[in-house]
Amino acid sequence: LADNAAEAGTHRGDTLALREERFPLAPVLREAVSMAAQQLGPGIRHWRLDPALEEVALRADRRALRAALLQVLTRAARATAEGDSIDIRLERARDS
C-alpha cells in the first residue's frame, strides 16, 4: 500500500515519473530481501548475497528497482521450500 501511495505521488498525467539516480545495489537488495521475507510470514529461507554485489552501483529509479526486486524475490521464495537457500550473485555478461 505504501508503494502504491508513493507511486501515486509521482504520476504526471498518465505517465509515471522516474527518478533516476546513482546508488549502490547491495543496500537495495538487502531491503528487498527483508521485505520479501516479511511477506512470506512464518518459514525460513536462507538468503545469500554475493559479496561482489557490494561493489556494484547502478543508475536507475531506486523505488522502481526495489519494487521489481521485491516481486522477483517473493516469487523465488514461494517457489522454494522452507529451509532452502536463495543465492543472489553477480554474473558479468561476456562481450558479444
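Modeller: In this predicted model, a residue counts as partly exposed when its relative accessible area lies between the limit for buried, under 20%, and the limit for exposed, over 50%.

Colleague: Why is Arg48 called partly exposed?

Modeller: Arg48 has a relative accessible area of 45%, and since buried means under 20% and exposed over 50%, Arg48 is therefore partly exposed.

Colleague: What makes the contact of Arg48 with Asp87 a salt bridge?

Modeller: The N to O distance between their side chains is 2.5 Å, and the criterion asks for a side-chain nitrogen of Lys or Arg within 4 Å of a carboxyl oxygen of Asp or Glu, so the pair qualifies. Arg48 belongs to strand β4 and Asp87 to strand β6, so the bridge ties together parts that are 39 residues apart in sequence.

Colleague: Why is the packing of helix α2 against helix α3 called oblique?

Modeller: The two helices, residues 25-40 and residues 62-78, pack at an angle of about 45°; because angles under 35 degrees count as roughly parallel and those from 65 to 115 as roughly perpendicular, α2 is oblique to α3.

Technical notes. Residues are numbered from 1 along each chain as its sequence is written. This is a predicted model: local features need pLDDT of at least 70, side-chain atom pairs count only at pLDDT 80 or more; totals for chains, interfaces and linings use all residues. Side-chain values use heavy atoms; hydrogens and water are left out. Axes are lines fitted to C-alpha atoms, for helices over the stretch in contact, and angles run from 0 to 180 degrees between N-to-C directions. Helices (H or I, at least four residues) and strands (E, at least two) are DSSP runs, numbered from the N terminus. Angles under 35 degrees count as roughly parallel, over 145 as roughly antiparallel, 65 to 115 as roughly perpendicular and the rest as oblique. Buried means under 20% relative accessible area, exposed over 50%, partly exposed in between (1.4 Å probe, protein chains only).
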